[in-house]
Amino acid sequence: MESVTTAARMKEVSAGTRAAGRRLGLVPTMGALHEGHLSLVQKALAECGTVVLSIYVNPLQFGPGEDFERYPRDLGRDAALARGAGVAILFVPGEGEVHIAGHRTRVEVEGMQDALCGRSRPGHFRGVTTVVAKLLAIVRPHAAYFGEKDAQQFRIVRRMARDLHAEATLVACPTVREADGLALSSRNAYLTPEERRAAPVLHRALEEGAGLARSGVRDAGAILERVRRTLASEPLARVDYVEAVDDETLAPVAEVRGRVLLAAAAWFGRARLIDNVTVG
Ligand code: AMP
């Protein structure tokens, strides 16, 4: 595994890989790697052969008062996991390599960035699309891999890639969960043992809502009410939002017809966790 810390070297390595006729897959992460990240690497390896894993805690996507400073960072552990998973290139850009000195450019996906998590995290998705656009430009992968766990993020970056005629294909991978249903997340590290025991309610509540939809209930209000009621039964959960939106545009739906995303965010202590299920 080669470790790369500059955009210039990353471009060289990418060009060399492409010149050799090999396919390059990119897995962008913020580190604190877990099985969810590694499932993206597996998919990228299967489809591309040569995998770049990037680790970059992108300041642009954190709001004031959010967890940028205390976000878990352990490069030694991450590098060992990446190597073990078959990553060929570990891209850990240094200061000024992704967002160059004096940078002024932002990439925005209008509308979609203000829905769901965008309401409580203004500017977050603008930070995400800006960094992903830059990573795609630096790495020039044939395909880039994202998790369905961050469903809104995937739909927004896919829209961005289409709108900007990006070369890369963007691929979504299923959410990896603990045995009790909790989606793996770097932020689960913030949970106390008590909160950890409470946190699976997020997935359970969404699954109950999805179950209603699968049994033929069309009224989104009734489905959301069920999800909210289950979440309310857990005193350690503080709900941020529960919504039913169109799976492609993220516009709220009143009725479950076609593919619908049921998404929720809730605080458990200082951890803000998100999850989603799709129906239809
Ligand atoms: P992060 O490091 O949290 O920015 O996540 C990097 C990528 O891993 C994103 O595309 C996430 O959606 C994906 N990811 C995070 N958690 C999971 C999970 N539990 N299952 C699958 N993918 C995940």
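This is a predicted model: local features need pLDDT of at least 70, side-chain atom pairs count only at pLDDT 80 or more; totals for chains, interfaces and linings use all residues.
**Entry 1: the cavity.** I began with the largest cavity, whose lining is made up of 13 residues, and I noted that L182, A183, L202, L273 and I274 lie nearest its centre. Two elements give two or more residues each to this lining, namely α8 (201-214) and β9 (271-279), and I wrote down that β9 gives the most, with 3 residues. I then sorted the lining of the largest cavity by class and found 7 nonpolar, 4 polar and 2 charged residues. The space inside the largest cavity comes to about 60 Å³, and the structure holds 1 cavity of 30 Å³ or more.

Entry 2: Next I looked up the second largest pocket, for which I noted a volume of about 190 Å³. Which residues lie nearest the centre of this pocket? I found I55, V57, R73, L75 and V92 there, within a lining of 14 residues. By class, the lining of the second largest pocket divides into 10 nonpolar, 1 polar and 3 charged residues.

**Entry 3: around the ligand.** I then turned to the ligand, which has 17 residues surrounding it, and I listed the closest as H37, G147, D150, V176 and L184. A polar side-chain atom of D150 lies 2.6 Å from an oxygen atom of the ligand, while a polar backbone atom of M30 is 2.9 Å from an oxygen atom of the ligand. For V176 I noted a polar backbone atom at 2.9 Å from a nitrogen atom of the ligand.

**Entry 4: A32.** I found A32 in the loop between β2 (23-29) and α2 (35-48). Is A32 buried or exposed? I recorded A32 as buried, because its relative accessible area is 16%, and the cut-off for buried is under 20%. Leaving aside its neighbours within four places in sequence, A32 is in contact with H37, P72, R77, D78 and S186. I also looked up the pair A32 and S185, which are 153 residues apart in sequence but 8.8 Å apart in space, taken from C-alpha to C-alpha.

**Entry 5: T130.** My next residue was T130, which I located in helix α5 (residues 124-139). T130 counts as buried because its relative accessibility is 1%. Which backbone atom does the side chain of T130 reach? I found that it reaches the backbone nitrogen of V107, at 2.9 Å. With its neighbours within four places in sequence left aside, T130 is in contact with L60, H99, T105, R106 and V107.

**Entry 6: two residues with positive phi.** Last, I looked up H165 and L250. H165 has a positive phi of about 55 degrees although it is not a glycine, and I found H165 in the loop between α6 (151-163) and β6 (169-173). L250, which is not a glycine either, has a positive phi of about 70 degrees, and L250 is placed in the loop between β7 (237-246) and β8 (260-268).

Definitions and conventions
Residues are numbered from 1 along each chain as its sequence is written. Side-chain values use heavy atoms; hydrogens and water are left out. On a 1 Å grid over the protein atoms alone, a cavity is a set of points where a 1.4 Å probe fits but cannot get out, and a pocket is an open set with protein on both sides within 12 Å along at least five of seven lines; lining residues have an atom within 4 Å of a point. Grid points are joined across faces, edges and corners, and a volume is the space filled by probe spheres set on the points. Ala, Val, Leu, Ile, Met, Phe, Trp, Tyr, Cys and Pro count as nonpolar, Asp, Glu, Lys and Arg as charged, and the others, Gly among them, as polar. Helices (H or I, at least four residues) and strands (E, at least two) are DSSP runs, numbered from the N terminus. Buried means under 20% relative accessible area, exposed over 50%, partly exposed in between (1.4 Å probe, protein chains only). Contact means heavy atoms within 4.5 Å. A residue is near a molecule or strand if one of its heavy atoms lies within 4 Å of it. A polar contact is a pair of N or O atoms within 3.5 Å; within protein, one must be able to donate a hydrogen and the other to accept it, and residues adjacent in sequence count only if both atoms are side-chain atoms.
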